[in-house]
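Visitor: I would like to learn how to read this model. Could you take me through it feature by feature?

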Amino acid sequence: KPILGDLLQHRLGLSEPAFAQLAQTIDVIYHCGAMVDHVRGYQVLKPANVGGTQEVLRLACTHRIKPMHFISTLSVIYPPTYMAGGVVHEDSPAGPVASLPNGYMQSKCVAEHLVQQAGARGLPVATYRLGAITGHSKTSVCNLGDFFYSALRSAVQLGFADDLDTDQTLVPVDHSARVVVALSKLPTARGQVFHINAPQTFMWLELVRLLGAHGYPIQVRSFSECMEILKDAARRTVDLPIIAFLPFLLQKRAGCSSYVLEEYYANVRYDCSGTQRAMKENGIEPLPDPKDCIERYISYLCGHSLLQPELGASLDSQAPTSG
């Protein structure tokens with residue numbers, strides 16, 4: 001029975017009687033609502049993503065205690081912190097918030113800390129840090145406007161890709177939902193942080209090579225070269241999916257010549273051994289290897305004419321020289 005609410009408002013926008021009835025009736029909360037935006041800043045996203053989480057916690061604590069399962073993201077982690085060991089463990093704390101490169105990551109980081117503080121005070125909570133949610137594992141239907149698909153389609157359209165070779169942490173949407181629900185039913189879930197990503201990595205340059213094998217040759221350029229090409233494309237109002245993310249991509253710290261993301265996208269692995277162990281011990285089917293899904297995704301995009309290699313040569317020839 002859907003009940004419409006608003007993460008931006010006190011009591012989620014519900015009247016006091018409606019909020020009270022909900023608090024008395026429900027048995028468990030899965031909080032996956034958020035404003036997802038990789039361009040707007042923290043102050044814009046804080047009301048929905050931090051304030052909204054506070055209101056959901058209020059609901060969990062009103063009248064009687066209800067377990068809360070919080071859907072977070074692997075993006076609350078700052079990868080350069082873990083370069084020495086190369087691994088981010090499930091008990092690694094979110095943040096530091098000031099180092100995260102956009103408002104969405106920062107707001108989810110703060111919200112995760114709020115949930116864990118509530119857990120320390122006695123509320124039964126569990127946190128699920130999801131990888132990049134991709135299309136359905138069978139139909140491949142997907143959100144074309146998200147960052148992964150925008151980057152993939154733009155690389156094909158341009159014939160260029162950057163050289164930041166990071167794990168894409170791909171998780172099909174149907175499997176992410178299945179695993180979260182199955183884990184949430186375990187008595188041992190309370191207080192746990194689960195990394196919802198496959199143990200097998202799938203790297204950005206693996207994707208580039210695979211696209212080449214499908215007839216889409218893509219040149220690998222430095223990140224800074226690619227940014228110059230994208231800036232030129234934006235000036236010429238080229239219809240390119242990744243252009244929507246330019247404010248995120250082009251960030252530089254004061255007094256620094258390199259881009260923020262050149263530092264942020266450190267090549268680390270997100271450990272999910274605790275999640276894998278809980279799944280195995282309780283007969284939960286493991287997440288699929290991303291390599292088994294990516295071929296279907298590419299075929300889906302090709303079949304729907306969503307991969308269009310047409311701009312690379314003209315843009316490259318007219319791109320300004322960096323420096």
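**Reading the model**

Guide: Start in the loop between strand E3 (87-88) and helix H3 (103-120), where Pro96 lies. Bear in mind that this is a predicted model.

Visitor: Let us step back to the whole chain. How many helices and strands are there in the protein chain?

Guide: The protein chain has 12 helices and 10 strands. To judge overall shape, compare the radius of gyration with the globule rule. Here the radius is 21 Å, close to the 20 Å that the rule gives for 323 residues, so the chain is as compact as a globular protein of that length. The C-alpha trace spans about 65 × 45 × 40 Å along its principal axes.

Visitor: What share of the 323 residues is buried?

Guide: Buried residues make up 50% of them. Look at contacts too. Among contacts with a separation of 6 or more, 80% are between residues 24 or more positions apart. As for the surface, the chain exposes about 15,000 Å², and carbon and sulfur atoms supply 54% of that area.

Visitor: Now a single helix. What span should H11 have, by its residue count?

Guide: Take 1.5 Å a residue. The 14 residues of H11 (residues 290-303) should then span 20 Å, and the end C-alpha atoms are 20 Å apart, which agrees.

Visitor: Which residues of H11 are buried?

Guide: They are Pro290, Cys293, Ile294, Tyr297, Ile298, Tyr300 and Leu301. These residues cover an arc of only 160° around the axis, which puts them on the same side of H11.

Visitor: What covers the buried residues of H11?

Guide: The cover includes strand E5 (132-134), helix H4 (147-158), strand E7 (170-172) and helix H6 (204-213).

Visitor: What caps the N-terminal end of H11?

Guide: Look for a side-chain oxygen and a backbone nitrogen. Asp289 is the cap: its side-chain oxygen lies 2.9 Å from the backbone nitrogen of Lys291. After H11 comes Ser305, with a positive phi near 55°.

Visitor: Which residues of H6 are buried?

Guide: Trp204, Leu205, Leu207, Val208, Leu210 and Leu211 are buried in H6. They pack against H4, strand E6 (160-162), strand E9 (219-221) and H11. H6 is followed by Gly215, whose phi is positive, near 95°.

Visitor: Where does Ala151 lie, and which residues does Ala151 touch?

Guide: Ala151 lies in helix H4. Leaving out residues up to four places away in sequence, Ala151 touches Trp204 and Ile242. Its relative accessible area is 15%, under the 20% cut-off, so Ala151 is buried. Ala151 and Phe245 are 94 residues apart along the chain, yet their C-alpha atoms are separated by 9.4 Å.

Visitor: Back to backbone angles. What is the phi of Leu12?

Guide: Leu12 has a positive phi of about 60°, although it is not a glycine. Leu12 sits in the segment before helix H1 (16-25). With a relative accessible area of 12%, Leu12 is buried.

Visitor: Is Ser140 buried or exposed?

Guide: Ser140 counts as buried, at 3% relative accessibility. It is found in the loop between E5 and H4.

Conventions:
Residues are numbered from 1 along each chain as its sequence is written. This is a predicted model: local features need pLDDT of at least 70, side-chain atom pairs count only at pLDDT 80 or more; totals for chains, interfaces and linings use all residues. Side-chain values use heavy atoms; hydrogens and water are left out. Helices (H or I, at least four residues) and strands (E, at least two) are DSSP runs, numbered from the N terminus. The expected span of a helix is 1.5 Å times one less than its number of residues. Buried means under 20% relative accessible area, exposed over 50%, partly exposed in between (1.4 Å probe, protein chains only). The arc is that of the directions from the helix axis to the C-beta atoms. Contact means heavy atoms within 4.5 Å. A polar contact is a pair of N or O atoms within 3.5 Å; within protein, one must be able to donate a hydrogen and the other to accept it, and residues adjacent in sequence count only if both atoms are side-chain atoms. The radius of gyration is taken over C-alpha atoms; the globule rule is 2.2 Å times the number of residues to the power 0.38. Accessible areas come from the Shrake-Rupley method with a 1.4 Å probe; for residues, only the protein chains shown count as cover.
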